[in-house]
Amino acid sequence: DPAEGSHGSVIDNHLIHIAAEGKFDWITFLDHIQLYSRLGLGVTINYHNDSRYDTEFEPVLQGTLAGIEYINTVGCYVEFGAGYRGFFSGGLSVRF
């Protein structure tokens, strides 16, 4: 009853992704820019508590059709594909 301060039920949900990926570099130019494709295969572990504890395992795939990466001490990348990384992914990297 909302009048008594009830806020509904809470679902405690956690996702863990574990995957192995392979990357194929198509071309490198200017010593710092790479064009590439990527293929990944793994599993998602879905752990949730919705009145009982339950764990589900689901296979996951990633296919990156095209990616471009600037490689230096600090770099960046943008990639387009489909799978557990989504349709569009990007980020920064730091190499030690």
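This is a predicted model: local features need pLDDT of at least 70, side-chain atom pairs count only at pLDDT 80 or more; totals for chains, interfaces and linings use all residues.
**Group meeting talk: contacts, salt bridges and a surface patch**

Let me begin with alanine 82, which, once its neighbours within four places in sequence are set aside, is in contact with Leu61, Gln62, Gly63 and Phe87.

The whole structure, when searched, gives seven salt bridges, and I would like to take you through some of them. As a reminder, side chains of opposite charge can pair when their charged atoms come close.

Glutamate 79 is paired with arginine 38 in a salt bridge whose closest N and O atoms are 3.3 Å apart. Because glutamate 79 sits in strand E4 and arginine 38 in strand E2, residues 33-49, this pair ties together parts that are 41 residues apart in sequence. Is glutamate 79 buried or exposed? Glutamate 79 is buried, its relative accessible area being 2%, and arginine 38, at 15% relative accessibility, counts as buried too.

Glutamate 79 also has a salt bridge with arginine 85, and here the closest N and O atoms are 3.4 Å apart. Arginine 85, in turn, counts as partly exposed, with a relative accessibility of 27%.

Next comes arginine 95, which you will find in the segment after strand E5, the strand running over 88-94. Arginine 95 forms a salt bridge with glutamate 69, with 4.0 Å between the closest N and O atoms. Since arginine 95 lies in the segment after E5 and glutamate 69 in strand E3, residues 53-70, the pair ties together parts that are 26 residues apart in sequence. Arginine 95 is partly exposed, with a relative accessible area of 46%, whereas glutamate 69, at 11% relative accessibility, counts as buried.

If we leave out residues up to four places away in sequence, arginine 95 touches Glu69, Ile71, Asn72 and Thr73. For one of these, isoleucine 71, the C-alpha to C-alpha distance from arginine 95 is 8.7 Å, and the two residues are 24 apart in sequence.

Finally, let me move from charge to the nonpolar surface. A nonpolar patch on the surface is formed by Phe24, Trp26, Ile27, Phe29, Leu30, Leu35, Ile68, Val78, Phe80, Phe87 and Phe88, which together have about 1200 Å² of accessible area. Phe87, a member of this patch, is also one of the residues in contact with alanine 82. Which strand gives the most to the nonpolar patch? That is E1, with four residues, and both strand E1, spanning 12-29, and E4 supply at least two residues each. Tryptophan 26, which has its place in strand E1, counts as exposed at 58% relative accessibility.

Note on methods: Residues are numbered from 1 along each chain as its sequence is written. Side-chain values use heavy atoms; hydrogens and water are left out. Contact means heavy atoms within 4.5 Å. A salt bridge is a side-chain nitrogen of Lys or Arg within 4 Å of a carboxyl oxygen of Asp or Glu. Buried means under 20% relative accessible area, exposed over 50%, partly exposed in between (1.4 Å probe, protein chains only). Patches are made of residues with over 30% relative accessible area and no salt bridge: like charges are joined within 9 Å, nonpolar side chains (Val, Leu, Ile, Met, Phe, Trp, Tyr) within 5 Å. Accessible areas come from the Shrake-Rupley method with a 1.4 Å probe; for residues, only the protein chains shown count as cover.
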